[in-house]
Each structure stands twice: as structure tokens, then as C-alpha cells.
Amino acid sequence: MTTALKLTNLSKVFEVGKRMFGPAKALVRAVQPTSLSVEHGETLGIVGESGCGKSTFARMLVGLLPASTGEIEIDGEPLDNADPALFGKRIQYVFQDPISSLNPRKTIRQIMEGPLKHLHGMAHAARTERIREIFAAVNLREEFLDRYPHEFSGGQAQRIGIARALAADARILILDEPVSALDVSVQAQVLNLLADLKEKLGLTYLFISHDLAVVEAVSDRVAVLYFGSVVEIGPADQVFAHPKHPYTKLLAESAPVVGRALTAPEGRETELPDPLNPPNGCAFKARCAFASKECGLEPPRLEQQSDGVWTACYHPLSGSK
Amino acid sequence: MGFLSLLARNRLALGGLIVMILVVLLALVTPLLPLADPDVTNTAERFQKPFSDGALLGTDHLGRDLLSRLLWGTRLSLAVGFAAAIMAATIGAAIGIIAGFYGGRTDNIIMRGVDMLMAFPYILLALAIVAALGPGLMNALIAVAAVNIPFFARNIRGITVGIAHKEFIDAARLSGMNNAKIILSEVLPNVIPVIVIAMSTTVGWMILETAGLSFLGLGSQPPQADLGSMLGEARSALITNPHTSIVPGAMILIIVMAINLLGDGVRDALDPRLKSGALSRPMPATMVRRDGPIPTADDDALLALRGLKTQFHVKDRVYKAVGGVDLSVRPGECLGVIGESGSGKSVTALSIMGLVASPPGVITGGAVHYKGEDLIGAPYEKLRSLRGDRIAYIFQDPLATLHPLYTIGDQLIEAVRAHHGMGRAAARAHAIDLLKSVRIPNADKRVDSYPHEMSGGMRQRVGIAMALANEPEVIIADEPTTALDVTVQAQILSLLDDLRRDRGLAIIFITHDFGVVAQLCDRVAVMYAGKIVEEGPTNVILNAPAHPYTSRLMACVPELGQGRRELAAIPGLPPVVDNLPEGCAFADRCQKVREGCRAGTIALAAHGASQRVRCIAPETALPEVSA
């Protein structure tokens, strides 16, 4: 396999309390410098809790947010940050809220024509033909094309969102919580559609979610994000089954599972670190049972442990759970 | 629902519309009417009274025909007023959209300029503009338009800021559109209704302002007539010949009244919030219109719902959100209610204490027995004394249920003192105890924090503390952990579990998550399309679901630790509750559907010793003897 997407030291710093003149009051590092690569045809899952920077990360990848540092390479070519149209043809985005990502005053046909017209400059006849192909691929009826977004259920609207991303003809899709607004009985319809499309069209996915079970079910590899940095990355079946980082273990044990007794996996008083006043060293140390003096000095680096799992921890857990 | 029929519901607006159509028609056909020349003076015939020969409305101080001058003047005043409105709306909206869309420094500079324009009294500004440009109708038009630009700019900017951060704008950007295209094709269609509303309510105002400038002699120049200059010229003869003032004055009154009534109607018809009835205030308790017999209390449960039916009556549609629900909960017991969105689980919970908004909600049947007493239709004072005292709620989003302007301590104290006459100091001490009981660190200090200063998990603890404030017997928790991260959710769930064990609380726990139900609840009820389809002990239902919907739904839930796989789905969508099918609501999605499924109502029948199921072909055979 070859590399589809390569990120080098990508990071984002937000300025808080911007003033009209002069410097901002404070800086918040939403994403620490991160390097990652995704192979062609792979699904990389990204999990993390709210505030861990996963959406900021996703928005940088599609150029909706300029990165503070770092580079994005697609198929070995560096992307020019300046032109959104160039981004659009190579990498596309599926939004979390399917209804609000569709303009309420446009018909589905007008929405679908957007990328065909502006990214590919197709003529009218070619557009109609292409929309028909895409709608067939995502199992949507063509009569939907002349309706407005509010007439659709969440699952249908999400399929329209996917259809729009496909219309751009990009090979890489960023899926930002694509099923978290949907009911479970419908969520699988969308996930299975995504799996089919990937197979048929040879797509590469970055699948962002807070739901570990969903991520595990769809991903080849999983990256766990905490406080803006990757703390663990490895094959999906390894990461949750044999977590190496204490945070991954905490996540895996917090998910409510049928047949497991209710236990609070950690002290109930803990709170997340404050982004305006980040801790020194490892961001997880205040919640970690294994924290030592070393952890407070310098943030741990991502290092390979075993069987392809990389962990940023001074005291990685041993293989058995 | 068409725009016109919405508009016509407002009688005054309809009247305004009709009057405006007449006035505009009259103004349009004026050149075709056999009228005297409005500008020809004939001093011999000056100050003729109305209804005199050859001059229906009389003549003015120069002997000019007033009817002719009135119609030509109206024509001019309307034209200038509308032109000024369109000019102000176009320029103002353009400024507002650009400021709102680009934001940041662009916004800052533009809006400060607009603020400066607004700092001058409008009439002074208009006078200054006319003074600089010289008198004349065209310049008056420019002045009136310029004075009104800030109103449009500020209005439209506010709307645009909201739209510019919507996801569909990001989506358009990813479709390769540049900013100009996004503004024209994505933002503009969404602000046009607001522009129209703002215009319809200001046209009348602008006609008045133009008339005002003409009255002062700065607008239309003699001999040309417009309504303002007619009034101005008639001023000196106000006492001796009042008809010369009354004629143009009455026309101004008619036009402005009609436009304002019409404008209000247009605003009401276009504003989506007004259309959905959101601005009508809900009643303090849900409306009750029960027909049929009222079930009696028949067991010793603490809280029991019997055949509860709640509907939403919107226009001529009836949404049967809850279609006959039976549930009961005992002290110390946790009952889970599980269902997908639209299954009626939240409406069931809100109906218990009459918290469903009315209109449009109506409870149309059944009873809710609390210690044997029916709460449906109970007097409002009775409900109020129970709400938050004996039966308390925890909602999904603590940020939306906590008041942002009061400290959490104040809100807890208020919750206590609403039901118990307790001194402020004692109530405060109690509030701190409550915060400690939900394990908020530093409770003594946190009691003075505002909701926005706390994290989501901490806020939900405050929500729980508030529910516990009066040591209730029943807590109804509506998806209390859905908005939280899993690590926080685990903390909150174990807290709730401890509380019910320590205090003997009965909990009704509404959720869509089987994992949560499995960990917390003793019994579980599964809802689909407003009805319970299956009910029983949690371990029985999770191990051997009897209703096909339950088993299919459970199969859809991905579980951690099974690796990469194809997930199960249920094809199709749940039925809409304003058009429920005959018989089983799940029949269209069920693989086991057979003839009997669509023939008549299917009862929730006992299935074994502890389970009840609403299906004629349950998944599991009847258990021999339940253990």
C-alpha cells in the first residue's frame, strides 16, 4: 500500500481574547504538533472526548481552518493551503449534523450540483448524468433531487451529505462523527453504505468519533487523542483489546457494556485539564494511577511498543488487560 | 400553507393589504384619469371648498385642483418612499452581509462606521445631507435612504453572523465556491426574508420622513406636488381653509396606517418562530381532555402510569406521541425506558407532571397515580407542590436547564425554599451539603460559581443535586448522560446508582443506550412509535428479547471488543406518529410479519412470569417457569 495522506508536525494554536490592535490575551494549543500517515484504502479511526481537538484536526485537514504549523501531503504532493478548490478535489468532509450541513433554501439537486460545477466545471448534461450515478451508488431515489432538506430524516440527509462529498470525486473522506446524530437502527445503514463505497470506489477514510465501539467496527487503525495529542495509535483490534496507554484503558472501561457491572473506573472528583493553563509534562498525569515524577517533567513521546502499537507514555501497560 | 393564506389570518393586515392595493392602483392609473393639470394656477378660483363645481376636493391657495394634486402627489410620495426603502435595504443589507460574513476587523471597522452614523439624530442627519446636496426630491430620497441604512445594516449583520457559522457554509466552501458565490447563493437566500420583513415595517416610516423633508421645503420643489409639500403649502391657511391640510394629511394617514398593518402581517407570516407558535406562552400545566373511563389505581406502586395518551394538535394534524403507556415504579427501583428518537419516551416522562407544552400538547387519556392519587387533571397548585419536591426531573442538557445569570448556589437555595420555609443561611448550608453529596470537589467554593464556569460533567452533577434538593421519592431522568463523555458518564451513572440504593429513590431512566440500561436498571420498557412493545426485568430482556424490534435493535448496537465487522441495521424508518398504521407499528420493518400483524390492535400481553410483550409472534418461546 502507498501513503494517501501524510501529516508532518501539524498543529493549531488559537488566540483567545483577540483585541482590535495588539496581541491576543492568551494562546490555546488545540492540536499539538502531530505527524500521521494514512495508507490508500485504509480507514483510520480517531477517538477522543470533547475538547480533545479532534474536530479542529479534521477542519485543518480539509482547509476550513489554516494550520499553525506543519504540512499536509496527499499522494506525496504537498497541498497548497491557499486554494480551497484544490483541497476540495482531493479531500472531502462529511459533517456531523446532516440537516444543518444542507442549505435549507436549496433543493437537493442544487446542493449536489455545487461541487460538480465549481470544482469540476461540468456542463449541465454531464452534471445530471453524474448526479444520477452518485445517487444510485448511495441508494437514494432520484425523485429526492427536487425536494428541500427539511423533508428528509437524519439518515437520508446523511446519505445526501455523503453523496455531496462523493460528487467532488475526492479519494479521501474525513468523516466527522457521521453517525452520532442518528439512531442506532439507522446508524448501521449509513456505516454499511460507507463500507460499500470504500470497497467500490477505493476510498480512504478518516473516521472521527467519540463512540469506541463504532470506531472499532469500521477502522483498520485507531488513533486515540487526548488534550490535543495522539497518545496511542495502532491496529483497531489491538488498541482497545490490549490498551497500552492508561487513558485508552480508561476509555475502554468507561463505555457502558451489556453484561458488565457498573463501576466508576476512576475517582469521581477528577476534571479535565484546563486548556488556558495546560499542565507540564503528560496532560493525563492528574488522572493517571501510574503517574511518577518523570511524567511531570516533559510530555512523553510517541514510541513503538509492540505489534505496531505506538504509545506516548512513560509507563505503558503490559499486554494483558 | 401559502404565504397569502397566512397573511389573511390577520384581519387587520388583510385590510391594510386591500387599502394599499387600492392606493397603489389609483397612483398607477393617475395619468389616465380625466384630471385637471395639477400645476396650473388659477388664483381667481382659490380656496374653493370641497364638492364645489369642477373641483371635487376643492382648490388650494393658488386655485390648483386638490384632487389632481393629491393623486399626483401620492404617486410621487409612494415612488420616493419605496425607492428610498429599496435603496436603504439594498445598501444596508450589503453592508450587513459583508460585515457579518467576514467578521473580525472588517466587521469592526464597518460597524463602528455605522454606529457613528447612528449617533446623529436622524432628522439632523437628513437635514445635513440635504443641506450639503441642495434641496430637491432626489436629494431628499438620498437623505432618507442614507438615514435608514444603519437599521438594515445592523439587522442583517446579526442574522448573517448566525448563518456564516452554519455547517452548510463550510460545505459550500468545500464544494469549491469562493466567498462572493457563497454570499450570493448560500447567505443571501437565507437573509432575504429578514430583509423583506425589515422593509415592510419601515416603508411607512420612510414615506413619513420624505413627507417631513418636503414639508420643510427641502424635498419636492414647487410647483411639483407631493404629500409633504402639499401640507407645507397649506400650513398658512390651516385655520381659514382646513381642507387644504386635511386632504393630504388624511392620505398620509391612510397610507402609513395601511403599510404598517400590512408590514406587521407580513412579519408574522414570514417569521418562522411566529409561524410555529413558539412565541405563544405555554400553559403552566399540560391541557387535559380525557374522554373514556379514567383508570383507577390498582396496585401498590409508588408511581404508576395507566393507559397514558398524549397528543400534539398542530393545525389539523394530530400527532399521537404517546399512545397508551402503562408503567410503574416502586421505591428503590430503577426503571429504564428505552427507545429511539420519536418513540415518545420523553413525552411520556414530561406528561407525568404535566410538563408537556400546551398548546400544542394535550393529554387525552389515562391516568398517572402517585401513591394512589391521580395527577392528570389535578389542580395546578397540587402539581406545583409536587414538582421538584416529591417528583424531580434531571434533563439532558444542564447548560440549558440552569439559569446562566444566577450562581448554582442561588438556584439550589431557590429550589429548596420554593417548597420549604427555610432561612437563607440554612438553605445555603443545605445547598453545600447537596453539592457534597453529588461529590463536587470544593463544594464550599463551587457554590458561588456560575454554570458557565463548570464543565459539562460538573454541571450535570448540579442538575442531580437540584433534583435531590427536597429529597424526592421519584426522579425522572431524561437522557441525563447523553451529552457527556464516556468517562464522565461512568461517574454520573455510578453516582445515581449509589443515591438510589442509599436513599431508596425510585428512578425512571430514559435513554437510547442498552449499555446504560444494563448497568443501572432493574426493569426496562422498550418503546416504539408511542407504545411499549416489551417490558420486563433487565436481564431477561437483554438476554432473551421477545419482541422482534428489541432483538433487532440490540443487534444494531456495536459492542466494543469484537473487532472490525459488518453491523446490522433495521431497514426502513419508524412510522410518523400522525399517520400510524393499523395493528403493529413495526410490521413494515419486521422480517416475521404475518397476516395477523396488521389486523387490529395488538395487546401488551404477559409472556412468562415477569415479561410483557406486544407481539403475536414473539422471538422466544414461553419460558417454562421463570426462575
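The paragraphs below go from overall form to single residues.

This is a predicted model: local features need pLDDT of at least 70, side-chain atom pairs count only at pLDDT 80 or more, and totals for chains, interfaces and linings use all residues. Residues are numbered from 1 along each chain as its sequence is written, while chains are lettered from A and ligands numbered from 1 in the order in which they are written.

Begin with chain A. It has 9 helices and 12 strands; helices (H or I, at least four residues) and strands (E, at least two) are DSSP runs, numbered from the N terminus. The radius of gyration of chain A is 21 Å, close to the 20 Å of the globule rule for 321 residues, so the chain is as compact as a globular protein of that length. That radius is taken over C-alpha atoms, and the rule is 2.2 Å times the number of residues to the power 0.38. Along the principal axes, the C-alpha atoms of chain A fill a box of roughly 65 × 55 × 40 Å. Of its 321 residues, 48% count as buried. Buried means that 20 or more other C-beta atoms lie within 10 Å of the residue's own; exposed means 12 or fewer, and partly exposed is in between, with C-beta atoms placed from the backbone.

Chain B is built from 22 helices and 13 strands. Its radius of gyration is 34 Å, whereas a compact globule of 627 residues would have one near 25 Å. The box along the principal axes is roughly 115 × 60 × 60 Å for the C-alpha atoms of chain B. Here 46% of the 627 residues count as buried. Among contacts in chain B with a separation of 6 or more, 66% join residues 24 or more positions apart. Two residues are in contact if their C-beta atoms, placed from the backbone, lie within 7 Å.

Return to chain A for its sheet. Four strands form an open sheet in the order β2-β1-β4-β5 of chain A, with antiparallel pairing. Two strands pair if DSSP finds at least two bridges between them. The edge strands, β2 (26–39) and β5 (77–78) of chain A, each pair on one side only. Strand β1 (residues 3–16) of chain A is joined to β2(A) by 10 bridges. Across this pair, Leu7(A) stands opposite Leu36(A).

How is chain A divided? Its domain assignment gives domain 1 (3–219) and domain 2 (246–321); such bounds come from an automatic or database domain assignment. The centres of domain 1 and domain 2 of chain A, over C-alpha atoms, are 29 Å apart. Their contact takes 6 residues from domain 1 of chain A and 7 from domain 2 of chain A. On the domain 1 side, β2 and α7 of chain A each give two or more residues. The largest share of that side, 3 residues, comes from β2(A).

Now bring the chains together. In the interface, 61 residues of chain A are in contact with 54 residues of chain B. Elements giving two or more residues to the chain A side include α3 (108–120), α6 (184–201) and α9 (246–254) of chain A. By class, that side has 33 nonpolar, 17 polar and 11 charged residues. Ala, Val, Leu, Ile, Met, Phe, Trp, Tyr, Cys and Pro count as nonpolar, Asp, Glu, Lys and Arg as charged, and the others, Gly among them, as polar.

Helix α22 (residues 548–556) of chain B has several buried residues, among them Tyr549(B), Arg552(B) and Leu553(B). Their cover includes α6 of chain A, together with β10 (523–528), β11 (531–537) and α21 (538–543) of chain B.

Two local sites in chain B follow. Strands β2 (residues 303–314) and β3 (residues 317–329) of chain B pair in the antiparallel sense over 9 bridges. Their hairpin has 2 residues between the strands, and Lys315(B) takes a positive phi near 50 degrees. Asp444(B) lies in helix α17 (residues 443–446) of chain B. Is Asp444(B) buried or exposed? It counts as exposed, because it has 9 C-beta neighbours inside 10 Å.

Finish in the core. The largest nonpolar core has 206 residues; those with the most contacts inside it are Ala163(A), Val224(A), Leu412(B), Ala465(B) and Ile508(B). Both domains of chain A give residues to this core, so it lies between them. A second, separate core of 65 residues includes Ala88(B) and Ile259(B). A nonpolar core is a set of buried Ala, Val, Leu, Ile, Met, Phe, Trp, Tyr and Cys residues joined through C-beta atoms within 7 Å.
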